[in-house]
Amino acid sequence: MASIKLVLRNDKVGKDGEAPLYLRLIKDRKTKFISLGVRLVPNEWDEDKQRVKKNHSNSARINALLAQKVAEAEGQVADLERKKSQPSAKKLKEAIKGKDATNFFEYSYARCEKQKTTLSPATYRNYTKYLSKFEKFMGTSEVYFEDINVTTLKDFANHCSKTLSNNNTTIHYSLTILSIMFKDAQREDIIPTSLYPFDKFRVKKEKSSRNYLNKEQLVALEALEVSQLGKAQICKDMFLFAVYAGGLRFGDVIELQWKHFLAADNRISKVIRKTGRQHSFKMGSVAIEILDKYKTKNSQPEDFIFPIMEQSDLYFKDNFFRSKETERHNALTNFHLNNFGKTLKLPFSLSFHLSRHTFATRALNNGMRIEHVSKLMDHSGIGITQVYAKIINEELDKAVDQYLG
């Protein structure tokens, strides 16, 4: 006769002080554990009464869920033992989980590997990073799609917020990656469409703010003296170049080669990494002056204009190497920029992407048509650029209230 019991695995307590709750099945002295997708602090669990204590905010809801799980498991075991006199512990576990039960992590990691060549390196890394984050929270890789319910998602979100200090946007993306795996499994008919707890629980992204340098802050940054040791000056020059050269993204700036600079026309022409489109635009005098600082008589067409990276044949041959190098140097650049911002006492953290916002708002403030700004920024549609026009209008409204109110 098989025995079924709820067990809090105190040997698997995480950094947040919570332990996973399992359904323990014992048959012929062989033990199998089935994850329930519930995590509790040890003092929230009553082992004798097999119940969550009232000191847990959702004790009633979780206890109802556990009672249902235990009843279903006992029913499955009873049915199988009637049909087969000596079913093994493994067979009993399969009966409880269901014959077609699919392990969530096995499926999800396999999906990532299968699509590794079609996903961008950054997307692949994000998928695996967020899956690993969820796996650590669950405390086991033995988790099935059926184990992940609304309670699991709420507890995971709470863990991300209180233990990991994630903001709502990060929590939103953490859940989004999980939901993508569910949707793909449904498209492959691996799980039913009814199995989708994300319809009942969502975390909204925080409203993003598009910070940028105003005229005075930009002038202050230009005048700021930085260390000539290391790469601080290069980071500053790349930021200012992007501000005065169409708001180029970081990945495009660091891989600019001299062959992309058409000196006769003062023009940059290259394929943009994000969109894959050929992009060509004329630069103003400030951007040209910055480039001139790095031009030498030994400069070769294949050389990077900004010497922040070592020349490597792998860079354009291996997308994962390219992505990793970009990420690494982006972190270095933002480290220096953040320090510049602190020195200037900016009211926000200075990062490279703000050069793009700064270009857009400057161009619009100076009267450039929004269609031209959109073209220079290589936006797919003018609707994206209109976000910056809205910022300009909001700043104008504030000015009216301040000076004419």
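Me: What makes up the lining of the largest pocket by class: how many nonpolar, polar and charged residues?

Reply: The model is predicted, so local features need pLDDT of at least 70 and side-chain atom pairs count only at pLDDT 80 or more, while totals for chains, interfaces and linings use all residues. Residues are numbered from 1 along each chain as its sequence is written, and side-chain values use heavy atoms, without hydrogens and water. The lining of the largest pocket has 8 nonpolar, 14 polar and 13 charged residues. Nonpolar means Ala, Val, Leu, Ile, Met, Phe, Trp, Tyr, Cys and Pro; charged means Asp, Glu, Lys and Arg; the others, Gly among them, are polar.

Me: Which residues lie nearest the centre of the largest pocket, and which helix gives the most to its lining?

Reply: A122, R249, R273, K274 and T326 lie nearest the centre, out of 35 lining residues. Helix α11 gives the most, with 8 residues. Helices here are DSSP runs of H or I, at least four residues, and strands are runs of E, at least two, numbered from the N terminus. The pocket holds about 1200 Å³ of space.

Me: What makes a space a cavity and not a pocket?

Reply: On a 1 Å grid over the protein atoms alone, a cavity is a set of points where a 1.4 Å probe fits but cannot get out; a pocket is an open set with protein on both sides within 12 Å along at least five of seven lines. Lining residues have an atom within 4 Å of a point. The count comes to 1 cavity of 30 Å³ or more. The largest cavity has a volume of about 40 Å³. Its lining includes R249, H279 and D378.

Me: Why is S165 called exposed, and Q50 partly exposed?

Reply: Buried means under 20% relative accessible area, exposed over 50%, partly exposed in between (1.4 Å probe, protein chains only). S165 has 59%, so S165 is exposed. Q50 has 24%, so Q50 is partly exposed.

Me: What is the phi of Q50, and of S165?

Reply: Q50 has a positive phi of about 55°, and S165 has a positive phi of about 60°. Neither is a glycine. Most residues other than glycine have a negative phi. Q50 sits in the loop between β4 and β5; S165 sits in the loop between α5 and α6.

Me: How do you know that β1 and β2 pair?

Reply: Two strands pair if DSSP finds at least two bridges between them. β1 and β2 are joined by 6 bridges and run antiparallel, so they pair.

Technical notes
Grid points are joined across faces, edges and corners, and a volume is the space filled by probe spheres set on the points.
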